[in-house]
Each structure stands twice: as structure tokens, then as C-alpha cells.
Amino acid sequence: MSDTAPTPHIELYVRSMLPDGAHERQEEVIGRLETLDEEDHIDGFNVIVWGKQIAPRSAAARTEEGKYILNRVAEFKQWALTSNVSLDSFYQDTTVDSEVTESAYDALTLPVMGLAEYDGSELVHLAPCTKDDVVHTTMDRIERLEAGQPPALDQERGGVSVV
């Protein structure tokens, strides 16, 4: 990136139990982030492994890891409101029927892969997200980082559409 553009820190969220083909995509993204880091296009990255879902009212949600995930999701929701984007492509609120207890509980289904981009402590981009029916994927953002470009949402805000 240029000397004037900030080099973001990336948090890559990956699901531990993967659907077919997802492991290869995750490995590709991690490899590309390693290259971006080596070439100083980003200021490092962390990989955070999470499960398929988290129930906000569960015992797991009260653990350190559960609190971390719920805090991040709350931060992501706030960013989405401020940025006027939808996170429907990132997570879904769902009701899970438990056969064991014969009851239902609310849960957040987490994405197979999500990318949070920070400038210092400020969240500046999250993928996937949706703006005006256009889904901005993790791979889209990786490609823009490789090209030294800001998030597509930033260009849209500047009056230039990337669609």
C-alpha cells in the first residue's frame, strides 16, 4: 500500500466444522493473508476459530470465548448500522429445536468465513456484507487488499460505484 494509506489489521473468522470445499477456501485465504502481511499490505492478521453457532443465553455464551464472539457480533452489528449495510450474508438469527430437551432456543449461525478489517481499534470493513443487493465477499476484499484498494464500500461512499 502507499505510505499515506493505512495498513489494516485483519481478523479472519473461520468455522471449525466445515462444509465440503470450505477448508480449501479457508486455506487459500490464509495463504493470501500471509502474502499480504509479508508484503506489508496489512499490519498482520489473526485467525479466530469458532463453531457453527452460538446461543446467546447458553452456558457457552458466558465463557470467555462465548463473550468474545458475542461482543464481536455486537460490534459488527453496530458497524453495519453505521455503514448502512446488511449482515444477512454474515450471520443469521435462528431458532434451534432441541430433540434432547424437546424445546427450542435462539442462536446465531456464524459464517464459514468472515473477515474483519481494523484501522487501529476501529472496525472499518466486514465481509461478507450486503449493500444495495450487492454482496461484498471475503474474497472480494482480499483481492482489493492485494490491489492496494480501499473497501468497495468506501468507494461507493465517495460517489464512485464499483458495481
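**Entry 1: the four-stranded sheet**

I started with the open sheet of 4 strands, which has the order S2-S1-S6-S7 and mixed pairing. Strands here are DSSP runs of E with at least two residues, helices are runs of H or I with at least four residues, and both are numbered from the N terminus. Two strands pair if DSSP finds at least two bridges between them. The edges of this sheet are S2 and S7 (122–127), each pairing on one side only. Neighbouring strands are turned by 20° against each other on average, direction ignored.

A note on the source: this is a predicted model, so I kept in mind that local features need pLDDT of at least 70 and side-chain atom pairs pLDDT 80 or more, while totals for chains, interfaces and linings use all residues. Residues are numbered from 1 along each chain as its sequence is written, and side-chain values use heavy atoms, with hydrogens and water left out.

Next I looked up S6 (residues 113–119) and S7: they run antiparallel and are joined by 5 bridges. Glutamate 117 has histidine 125 in S7 as its bridge partner.

**Entry 2: helices on the sheet**

Angles run from 0 to 180 degrees between N-to-C directions, and axes are lines fitted to C-alpha atoms, for helices over the stretch in contact. Helix H1 (residues 22–38) lies across S1 (9–15), S2 and S6, and runs at about 165° to S1. H2 lies across S1, S2, S6 and S7, at about 90° to S7.

**Entry 3: the three-stranded sheet**

I also found an open sheet of 3 strands, in the order S3-S5-S4 with antiparallel pairing. S4 and S5 (residues 103–109) are antiparallel, with 7 bridges between them. Glutamine 92 stands opposite threonine 109 in S5.

**Entry 4: aromatic rings**

For rings of Phe, Tyr and Trp (its six-membered ring), a pair needs centres within 6.5 Å; planes under 30 degrees apart count as stacked, over 60 as edge-to-face and the rest as tilted. I get 4 aromatic pairs by this rule. Tryptophan 50 and phenylalanine 90 make an edge-to-face pair, 6.2 Å centre to centre with 75° between the planes. Tryptophan 50 lies in S2 (residues 45–50) and phenylalanine 90 in the loop between H2 (64–83) and S4, so this pair ties together parts that are 40 residues apart in sequence.

Are tryptophan 50 and phenylalanine 90 buried or exposed? Both are buried, where buried means under 20% relative accessible area, exposed over 50% and partly exposed in between (1.4 Å probe, protein chains only). Ring pairs also link Tyr13, Trp50, Phe76 and Phe90 into a cluster.

Note on methods
Contact = heavy atoms within 4.5 Å.
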